Amino acid sequence: MKRFIILTLSVFLAGQLYSQIGGISGSKLRSYCVDVVDHHHIEFEPAFYYGQSRKNWNDNGELQNSFLSSDSINRFSGVGMRFTYGLFDKLEVGVSIPLDMKTGSFGARYVLYQKNNTGFALMAGINIPMGEGSFNRGVKTEDNATQAGFGGVFTYQRGEHFSVDANLEYDHFLKEPTSTKIGTVYTSIDAGYYFFNRQLQLIGAVGYEHSHLENKLNQNRLTIYPGATIEANNFIIVLTFPFDVYGRNVNKTTGFSLALTLTFE
């Protein structure tokens, strides 16, 4: 049985749960991997995240306080679930849903090439608003607008212990919202090394995102993701401790997440 690890903190740092392609299995902390869930197997993963912010970067990339009082802080947290099914040997499909059912993220990944120590796959998905409440369907915001995304996945494996995953993804609102974002480009790279007979994997990752905003403004964020996975025969525990190191027109956040990945035949 293949082992899989899903990223949960990419959504946390964007400030919205499942703002990127969701529902598919991943590798390490930030990037998805080329491998898909085994045929006729299903992965179930509950995940928890927590974050906080006290400062933000302005349009010049200068760090400043977000509040008038130095004692003030913004905290946020959430719980989500992922279900991923191996539809074919090279194709998986799935859905990610937060506990408040605000957005349903449906995704798929298809392996184009996988041989020796390298592989390449394509991924695509759609995020559909599902939250309760009254909405004006003629006024689109980031909370009630459907978003679609597509991207590529690259994996390099060296021996049984070291591997690297890299992703490039673009997400776009199907109808331009009246608020801020139109589309966002995400790129990331993860490197991991196994210890103790592949029971512990230490991981380092870097993620960058760029969004075009109204009034010709841009929003950028560069994040470091240290963390680890603890793996057993029937489960995987994923721990991540991300922190932002540079940005523009975004809050500076730090936090952590915990995910538990279970696989069933």
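Q: In what sense do β7 and strand β8 pair, and over how many bridges?
A: This is a predicted model. β7 and strand β8, residues 162–173, pair in the antiparallel sense.

Q: Which residue in β8 is the bridge partner of Gly151?
A: A bridge can be followed residue by residue. The bridge partner of Gly151 in β8 is Glu169.

Q: How many residues lie between the strands in the hairpin of β7 and β8, and which residue takes a positive phi?
A: There are 3 residues between the strands of this hairpin. Gly159 takes the positive phi, near 70°.

Q: How do strand β6 and strand β7 run, and how many bridges join them?
A: Strand β6 covers residues 118–129 and strand β7 covers residues 147–158. The two run antiparallel, joined by 10 bridges. Take one case: Ala124 has Phe150 in β7 as its bridge partner.

Q: Where do side chains point in a regular strand?
A: They alternate between the two faces of the sheet.

Q: Where is Asn167 found, and is Asn167 buried or exposed?
A: Look in strand β8 for Asn167. Its relative accessibility is 7%, so Asn167 counts as buried; the cut-off is under 20%.

Q: What does Asn167 touch, beyond residues up to four places away in sequence?
A: Its list includes Ser31, Tyr32, Met123 and Gly152. Val153, Tyr186, Thr187 and Ser188 are on the list too. Now look at Ser31. Ser31 and Asn167 are 136 residues apart along the chain, yet their C-alpha atoms are separated by 5.8 Å.

Q: Which residues make up the largest nonpolar core?
A: The largest nonpolar core has 9 residues in all. They are Ile21, Ile24, Tyr32, Val34, Val36, Val111, Ala121, Met123 and Val153. Pick Val111 and list its contacts. Leaving aside neighbours within four places in sequence, Val111 is in contact with Val34, Val36, Lys90, Phe120 and Ala121. Another core lies apart from the largest one and has 8 residues. Among them are Ala205, Tyr225, Ile236 and Val238.

Q: What describes a pair of aromatic rings?
A: Two values do: the distance of the centres and the angle of the planes. A search of the whole structure finds 6 aromatic pairs. Start with Phe44 and Phe83. Their ring centres are 5.1 Å apart and their planes are at 35°, so the pair is tilted.

Q: Which parts does the pair of Phe44 and Phe83 tie together?
A: Phe44 lies in strand β1, residues 42–57, and Phe83 lies in strand β3, residues 74–88. The pair therefore ties together parts that are 39 residues apart in sequence. Check the accessibility next. Phe44 is partly exposed, at 23% relative accessibility. Phe83 is partly exposed too, with a relative accessible area of 32%.

Q: What are the distance and angle for Trp57 and Tyr246?
A: Trp57 and Tyr246 lie 6.4 Å centre to centre, with 45° between the planes. This aromatic pair is tilted. The pair links distant parts of the chain, 189 residues apart. Trp57 is in strand β1, and Tyr246 is in strand β13, residues 243–248.

Q: Are Trp57 and Tyr246 buried or partly exposed?
A: Trp57 is buried, with a relative accessible area of 5%. Tyr246 is partly exposed, at 33%.

Q: Which residues form one aromatic cluster?
A: Phe48, Tyr50 and Phe256 form one.

Q: Where does the charged end of Arg198 sit?
A: It sits over the ring of Tyr194, 4.0 Å from the ring centre.

Q: Where is Phe235 found, and what does Phe235 touch?
A: A loop residue can be read like a strand residue. Phe235 is in the loop between β11 (218–231) and β12 (236–240). Its relative accessibility is 30%, which makes Phe235 partly exposed. Not counting residues up to four places away in sequence, Phe235 touches Ile230, Leu260, Thr261 and Leu262. The C-alpha atoms of Phe235 and Leu262 are separated by 5.0 Å. These two residues are 27 apart along the chain.

Q: What does the secondary structure of the chain come to?
A: The count is 1 helix and 14 strands. The radius of gyration is 18 Å, close to the 18 Å that the globule rule gives for 265 residues. The chain is therefore as compact as a globular protein of that length. Of its 265 residues, 45% count as buried.

Terms used: Residues are numbered from 1 along each chain as its sequence is written. This is a predicted model: local features need pLDDT of at least 70, side-chain atom pairs count only at pLDDT 80 or more; totals for chains, interfaces and linings use all residues. Side-chain values use heavy atoms; hydrogens and water are left out. A nonpolar core is a set of buried Ala, Val, Leu, Ile, Met, Phe, Trp, Tyr and Cys residues joined through side-chain atoms within 4.5 Å. Buried means under 20% relative accessible area, exposed over 50%, partly exposed in between (1.4 Å probe, protein chains only). Contact means heavy atoms within 4.5 Å. Two strands pair if DSSP finds at least two bridges between them. Helices (H or I, at least four residues) and strands (E, at least two) are DSSP runs, numbered from the N terminus. Rings of Phe, Tyr and Trp (its six-membered ring) pair if their centres lie within 6.5 Å; planes under 30 degrees apart count as stacked, over 60 as edge-to-face and the rest as tilted. A charge sits over a ring if NZ of Lys or CZ of Arg is within 6 Å of the ring centre and within 35 degrees of the ring normal. The radius of gyration is taken over C-alpha atoms; the globule rule is 2.2 Å times the number of residues to the power 0.38.
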